[in-house]
Amino acid sequence: MNVISNILYWISTGLLVPVIVLLIFFFIRAIILIGAFFGQYMREKQTTAKLYGEVTSLTPDTLKEFRESLPEKSESLIYVYARKIIDSSNSQAKVDLLLGEYEIAADKNISTSKVLTKMGPILGLMGTLIPMGPALVGLATGDIASMAYNMQVAFATTVVGLVVSAIGFLTQQAKERWAVKNLMILEFLAQISAK
């Protein structure tokens, strides 16, 4: 039994460095996500508000003017798919395919936030539990310095994991709201253009 316990201990202790490296990587990724999210927030706020105002007053007669008013070189997904849906209005199957493509593209945009939301707590908990074993051994042997160091690592990984998860969660919530609202606009365009 001691052999099995020692093997498990070596495996878990060996995982500490990869867990810490992954936590640092995800923390850096979360900081980059915040910067990109701010730019996307400003773009979405302008794009969606403007487009939603125009779409609510849209009729089949004004659809051609609306199509011409859409910017041709916009990177915003909603503009790209709005143009494609209006141009494909004669084929319901193509419109359904485009709506599905938009959902996949929107989900891809949300994927980084989802990964951070889930991996932050997982790695944080692993980084907390792995050093607790050596900390308890240090406590039992009277090595307070070793115990203090391991407890410091345990608490630091918990905090970093929670910060990563919080950033992922907040950005995920906002991106999902944008995707749902944009999908609603695209579905409305699909119905108007089919008439």
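This is a predicted model: local features need pLDDT of at least 70, side-chain atom pairs count only at pLDDT 80 or more; totals for chains, interfaces and linings use all residues.

Visitor: OK. Is helix H4 mostly covered or mostly open?

Guide: Mostly covered: eight of the eleven residues in H4 (77–87) are buried. Buried means under 20% relative accessible area, exposed means over 50%, and partly exposed is in between, using a 1.4 Å probe and protein chains only. Helices are DSSP runs of H or I with at least four residues, and strands are runs of E with at least two, numbered from the N terminus.

Visitor: Which residues of H4 are buried?

Guide: Among them are Ile 78, Tyr 81, Arg 83 and Ile 86.

Visitor: And what do they pack against?

Guide: The buried residues of H4 pack against helices H2 (16–56), H3 (63–69), H5 (92–141) and H6 (144–194). Contact here means heavy atoms within 4.5 Å.

Visitor: How many aromatic pairs does the structure hold?

Guide: Four. Rings of Phe, Tyr and Trp (its six-membered ring) pair if their centres lie within 6.5 Å; planes under 30 degrees apart are stacked, over 60 edge-to-face, and the rest tilted. For Tyr 81 and Tyr 102, the centres are 5.7 Å apart and the planes are at 75 degrees, so this pair is edge-to-face. Tyr 81 is in helix H4 and Tyr 102 in helix H5, so the pair ties together parts 21 residues apart in sequence. Both Tyr 81 and Tyr 102 are buried.

Visitor: What sits over the ring of Tyr 81?

Guide: The charged end of Lys 84, at 5.1 Å from the ring centre. To count, NZ of Lys or CZ of Arg must be within 6 Å of the ring centre and within 35 degrees of the ring normal. Lys 181 also has its charged end over a ring, that of Tyr 52, 4.8 Å from the centre.

Visitor: Changing topic: how many salt bridges are there?

Guide: Three. A salt bridge is a side-chain nitrogen of Lys or Arg within 4 Å of a carboxyl oxygen of Asp or Glu. One joins Asp 87 and Arg 67, 3.0 Å from N to O. Asp 87 lies in helix H4 and Arg 67 in helix H3, so this pair ties together parts 20 residues apart in sequence. Arg 67 is buried, at 17% relative accessible area.

Visitor: What about Lys 50?

Guide: Lys 50 forms a salt bridge with Glu 54, with the closest N and O atoms 3.7 Å apart. The two are four residues apart in helix H2, about one helical turn. Lys 50 is partly exposed at 43%, and so is Glu 54 at 27%.

Visitor: Last one. Which helix gives the most to the nonpolar patch?

Guide: H1, with seven residues. The patch is on the surface, has about 1100 Å² of accessible area together, and includes Ile 4, Trp 10 and Met 126. Patch residues have over 30% relative accessible area and no salt bridge; like charges are joined within 9 Å, and nonpolar side chains (Val, Leu, Ile, Met, Phe, Trp, Tyr) within 5 Å. Areas come from the Shrake-Rupley method with a 1.4 Å probe; for residues, only the protein chains shown count as cover. Met 126 lies in helix H5 and is partly exposed at 31% relative accessibility.

Methods. Residues are numbered from 1 along each chain as its sequence is written. Side-chain values use heavy atoms; hydrogens and water are left out.
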